[in-house]
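Welcome! Let's take a short walk through a protein chain, from its overall layout down to a single residue. Have a look at the picture below, then read on.

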Amino acid sequence: MKRLLTALVLCTTGSLAFAQNTAKYDELANELEIMSGVLKTSLRQNVSSDNWRVSNIETSYLAGQGAVFTLNVRGQSSSWIRDIETMVEGLVVMTPPAPPEPPTPNLTGSLENIDDIVFEATREWEAYADATSMRFAEAFSESHERVRDLRAMQREMAWESREAERQLRDITFELRHADEERKKELLAEKEMSQQKLAKVEAKAKSMKEELKALEKQQEKQLAERKEKQQQAYKRFLAGFEVGMSDTLCRFGSGLRGLPDNEHISMVLKDFDTSENNQRKDRIYVFTRTDIVKCVQEKIDANKLLANADVYSF
């Protein structure tokens, strides 16, 4: 009987603990969702790059470790801007002006008043992205169409050159055994074949020079494009770090369900590139203790960021 009572007590205790943990995690999930909305809005205010922006934030919690915010960046890791980065551009094109930013909500106030803050890509930005992608795609298509044409013409010229050389060999062989009357005809044919070969070789040389100049121009423009993308990368990253650290300092106390000895991690999904061109996450790990200090103004946002562990993985 005692064993049965003990088992019932343990079962009841376990059920209560499970229910308490479930309620605790549900509350923390709500806090993470609210913080996600605040973070999205803050980044929208601080990140001014036309080509890079946070399109989605996912949240999760690892017991004993902390909260994880995974941010998907529109640009480096997806669709139109990644296509632009890989293009070898043959023409300089003008991109359409970026549409004006729509008004953003005020972040001041308590977390309880900002449950409806949701960041979404506006139609204006989507139209801008599509227009930009189309302009660069057109430039890519036009420049490479000319390159393809030149290479096709080179193959044709090579065939004509081989054909003229074959005719000259045949004429030279026949001249050895031809009579005087036939020699006159063959010599005339030989001269025509030589003139044709000279024209083909001159045209092939001209196309080779044009192709070389075009490819050199493409390499230069590609280098310029990569430099612009690198500058956009740096601008986005600077704005992101400012917005992220400032948000944690202003609203980090809202994560009341997160234990003091745990962490908050921010993961920029597929944002960095390794030496062998593999995509990697850029990860920021903050301690809950440092965030509380920043909220209490014992350290500032710059110090909070400096104390974070930052790495690519």
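Of the 313 residues in the protein chain, 37% are buried. Keep in mind as you explore that this is a predicted model.

**Overall layout**
- The protein chain contains six helices and five strands.
- If you follow the sequence, these elements come in the order α-β-β-α-α-α-β-β-α-α-β.

- In soluble globular proteins, nonpolar side chains tend to be buried together.
- Here the largest nonpolar core has 35 residues, and the members touching the most others are Phe69, Leu71, Phe240, Met266, Tyr284 and Phe286.
- Elements that each give two or more residues to this core include helix H1 (2-46), strand E2 (66-74), helix H4 (180-251) and strand E3 (263-273).
- H4 supplies the largest share of this core, with eight residues.
- Another core lies apart from it and has seven residues, including Val147, Leu150, Val200 and Met207.

**A closer look at aspartate 272**
- You can find aspartate 272 in strand E3.
- Is aspartate 272 buried or exposed? Aspartate 272 counts as buried because its relative accessibility is 8%, and the cut-off for buried is under 20%.
- The side chains of aspartate 272 and serine 312 are joined by a polar contact of 2.5 Å.
- Beyond its neighbours within four places in sequence, aspartate 272 is in contact with Tyr233, Gln278, Arg279, Lys280, Arg282 and Ser312.

Key
Residues are numbered from 1 along each chain as its sequence is written. This is a predicted model: local features need pLDDT of at least 70, side-chain atom pairs count only at pLDDT 80 or more; totals for chains, interfaces and linings use all residues. Side-chain values use heavy atoms; hydrogens and water are left out. A nonpolar core is a set of buried Ala, Val, Leu, Ile, Met, Phe, Trp, Tyr and Cys residues joined through side-chain atoms within 4.5 Å. Buried means under 20% relative accessible area, exposed over 50%, partly exposed in between (1.4 Å probe, protein chains only). Helices (H or I, at least four residues) and strands (E, at least two) are DSSP runs, numbered from the N terminus. A polar contact is a pair of N or O atoms within 3.5 Å; within protein, one must be able to donate a hydrogen and the other to accept it, and residues adjacent in sequence count only if both atoms are side-chain atoms. Contact means heavy atoms within 4.5 Å.
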